[in-house]
Amino acid sequence: MAFELAPLPYDFNALEPHISARTMKFHHDKHHQGYVAKTNSAIEGTDLDGKDLETVIRTARDKSDQTLFNNAAQVWNHNFFWTSMTPTKRAEPTPELAHAIDDAFGGMSGFRKIFKEVATGEFGSGWAWLVVGDDGLDVMSTSDADLPLMHGKVPLVCCDVWEHAYYLDYQNERGKFVDGFLENLLNWDFAVQNWEKRKS
Ligand code: FE2
C-alpha cells in the first residue's frame, strides 16, 4: 500500500498574508508530493512496502539508506508542519503547557526569541522544533530531513526553514517568515495535543 499525499488541513490561501497560496501550492503539490513519490518508488516490492512511515524512516536510518531516509522523513516532517500551523489563531497554550514554557524559556516572548534564534541559526536547509524530552521543553533544529524522533525527543510543533518554505514570499529573509509563523500561525492546539499524548 503506497503512501498518499494527505491534503492540507486548510485552503492553500488560508495562511495569507503570512504565507501565500502560491508558496503553499508549490510546497505541498510539488515538494511534499515529490517526497511521497520518491519514498513509494524506493520501497515498492521491498520488505518495507506496506509498513508505517515511522518504521520506514527508522529502518532507512538503521541501514544507512540516506536517500530513503531523506525522502521518508520529509514526508513525515511536512505532514507535521502543515498541522503545526492554523489559520485560526490561538494566542495561548493551555495553562499547564504555558507553565512549562515559563520554566523552560522564561515565558512566551522568551520562547519566541529562542525559537527564532534556532530557526535562523540553522545554517542550511532544515527544521526548527519545539520538543519535549526527559529534561522538559526545548527548542532544537535539525538539518536536511532529520527529525527529533531520531534523537529521543517528542516534537510539539515544527517550522520548515528550507528556502522552498519562504523564498517566494520573503526571499532571503528567513527571520520575517519565522516571525509570521510564531506570531500568527503556530497551532497551539496541536502543540497541546502532542504535549498531552507524550504523557500517556
Ligand atoms: Fe518543505
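**A helix and its surroundings**

Asn-77 touches Trp-127, Trp-129, Ala-145, Asp-146, Leu-147 and Cys-158, leaving aside residues up to four places away in sequence; contact here means heavy atoms within 4.5 Å. This is a predicted model, in which local features need pLDDT of at least 70 and side-chain atom pairs count only at pLDDT 80 or more, while totals for chains, interfaces and linings use all residues. Residues are numbered from 1 along each chain as its sequence is written, and side-chain values use heavy atoms, with hydrogens and water left out.

Asn-77 belongs to helix α3. Helices (H or I, at least four residues) and strands (E, at least two) are DSSP runs, numbered from the N terminus. Asn-77 counts as buried because its relative accessibility is 0%; buried means under 20% relative accessible area, exposed over 50%, and partly exposed in between, with a 1.4 Å probe and protein chains only.

Helix α3 (residues 66–83) packs with helix α2 (residues 53–62) at an angle of about 145 degrees, and their axes are 8 Å apart. Axes are lines fitted to C-alpha atoms, for helices over the stretch in contact, and angles run from 0 to 180 degrees between N-to-C directions. On the α2 side, the contact is made by Leu-53, Val-56, Ile-57, Ala-60 and Arg-61; on the α3 side, by Leu-68, Phe-69, Ala-72, Ala-73, Val-75, Trp-76 and Asn-79.

The buried residues of α2 are Leu-53, Val-56, Ile-57, Thr-59 and Ala-60. These buried residues pack against α1 (21–43) as well as α3. Just after α2, Ser-64 has a positive phi of about 55 degrees.

Helix α3 also lies across strands β1 and β3, and runs at about 90 degrees to β3. The open sheet has 3 strands in the order β2-β1-β3, with antiparallel pairing; two strands pair if DSSP finds at least two bridges between them. At the edges stand β2 (136–143) and β3 (154–160), each with a single partner strand, so one side of each has no neighbour in the sheet. From one strand to the next, the twist averages 20 degrees.

Strand β1 (residues 126–133) pairs with β2 in the antiparallel sense over 8 bridges. In this pairing, Gly-126 is opposite Ser-143 in β2.
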